[in-house]
Amino acid sequence: MNAPYFVEVLARNGEVRQRQRVETLPIRIGRAYDNDLILDDHHASPHHALIEDDGQGGLQVRDLDSNNGVVCQGCRREQMQIGGDTVFRLGHTSLRVRCADYAVADARRDTTRHGWEGWPPALAGGIILVLLTLVGTWGEDTEKAGAILYVNALAGLLGMALLWSGGWTLANRLFGGQTRFGRHLFIAACGLLVIETVSLLSSVAAYALSLVTLTQFDSLLEILVVAGMVYFHLLTINPNHPKRIAVSAVVVGLLGMGLVLMVNFQKGGIFADELYNSDLYSPALRLSADKPVNQFLEEAQHLKPQLDAERGKPVNGVSEY
């Protein structure tokens, strides 16, 4: 292992926070100012550990009778050999030592769209939000309330999108070193667009085909879309761990869907969002055959004995009759 040596202070996620170059061995580490690497850690002793030659061409770390010792893989060690990938802890500080001849991996392929930064994604997201608000409000405006209805709807949707995007922008600044507000606003706008589109298509299909199931679990579809939004937000913050981020998004989606099902069951005794399709459209959209009134009454008559039996059951141990 050839000099110079590089002592790296690691964050919890394994990324390098600080890298100190040292030309010769041994390397003294601790909180005192006469060390080669000074630790700003109250749980580190003034002279905590020593990095030295192990006599076999490698390196070893030795505890200098510190209070908290040298910890590796959860065990305290008095002395241990270390390689370029060995992570050990002094106090609350995780460290790694690498030499000048340490072989690093090849550069990752740059998949970041550097042209899709700043105002272009923000403008695209804003346009999507405005169009989404105008179209949605126009479809619901049955009383011709005027411009104030559109202004209120636009202010509400934009405020919600800006609040959501602002939170992710702050996280991006804290954990990714950049803001990227435009990208986060674009992701939020696309997510809202997908939610509204899927909800509209499922509602129209349920009305046209008399398939109530298509609208009974709209909230689950919305949760899936939100989980997808979380995935892209996290990927924007840190694109280096897509698999971990995908697993996190799946967990968020499953937890969200489970929570919605529990709330639905507690509120109405069913897992669905509603018993029937509450959205009505033009009769021209109906594709399924209408049932005659007599058939409807006959089917309803068959339900009477079951309903009478349910009505006769005691409530809290007391009969209604």
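Strand 5 (residues 49-53) and strand 6 (residues 59-63) run antiparallel and are joined by 5 bridges, where strands are DSSP runs of E with at least two residues, helices are DSSP runs of H or I with at least four residues, and both are numbered from the N terminus. Two strands are said to pair if DSSP finds at least two bridges between them. This is a predicted model, in which local features need pLDDT of at least 70 and side-chain atom pairs count only at pLDDT 80 or more, while totals for chains, interfaces and linings use all residues. Residues are numbered from 1 along each chain as its sequence is written, and side-chain values use heavy atoms, with hydrogens and water left out.

**The open sheet**

- Strand 5 and strand 6 form a hairpin with 5 residues between them, and Gly 55 in the turn has a positive phi of about 85 degrees.
- Within this pair, Ala 49 has Asp 63 in strand 6 as its bridge partner.
- An open sheet is formed by 5 strands in the order 4-3-5-6-9, and its pairing is mixed.
- Strand 4 (37-38) and strand 9 (79-82) stand at the edges with a single partner strand each, so one side of each is left without a neighbour in the sheet.
- Strand 3 (residues 27-30) runs parallel to strand 4, to which it is joined by 2 bridges, and Ile 29 has Leu 37 in strand 4 as its bridge partner.

- Strand 1 (residues 5-10) pairs with strand 2 (residues 16-22) in the antiparallel sense over 6 bridges, and Val 7 has Gln 20 in strand 2 as its bridge partner.
- These two strands form a hairpin with 5 residues between them, where Gly 14 in the turn has a positive phi of about 95 degrees.
- Strand 1 is joined to strand 11 as well, by 6 bridges and in an antiparallel run, and there Val 9 stands opposite Leu 95.
- Strand 10 (residues 88-90) runs antiparallel to strand 11, with 3 bridges joining them, and Leu 90 has Thr 93 in strand 11 as its bridge partner.
- Strand 10 and strand 11 make a hairpin with 2 residues between them, and Gly 91 in the turn has a positive phi of about 65 degrees.
- Because 6 of the 7 residues of strand 11 (residues 93-99) are buried, strand 11 is largely enclosed by the rest of the structure.

**The chain as a whole**

- The protein chain has 8 helices and 11 strands.
- Its radius of gyration is 31 Å, well over the 20 Å that the globule rule gives for 321 residues, so the chain is more spread out than a compact globule; the radius is taken over C-alpha atoms, and the rule is 2.2 Å times the number of residues to the power 0.38.
- The C-alpha trace of the protein chain spans about 95 × 60 × 35 Å along its principal axes.
- Buried residues make up 31% of the 321 residues in the protein chain.

**Backbone details**

- Most residues other than glycine have a negative phi, and most peptide bonds are trans.
- A cis peptide bond joins Ala 3 and Pro 4, with omega about 0 degrees, and Pro 4 is placed in the segment before strand 1.
- Another cis peptide bond joins Leu 25 and Pro 26, with omega about -5 degrees, and Pro 26 is in the loop between strand 2 and strand 3.
- Arg 180, a residue other than glycine, has a positive phi near 55 degrees; Arg 180 lies in the loop between helix 2 (147-176) and helix 3 and is buried, with a relative accessible area of 15%.
- Ser 210 has a positive phi of about 55 degrees although it is not a glycine; Ser 210 lies in the loop between helix 3 and helix 4 (213-216) and is partly exposed, with a relative accessible area of 38%.

Terms used:
Buried means under 20% relative accessible area, exposed over 50%, partly exposed in between (1.4 Å probe, protein chains only).
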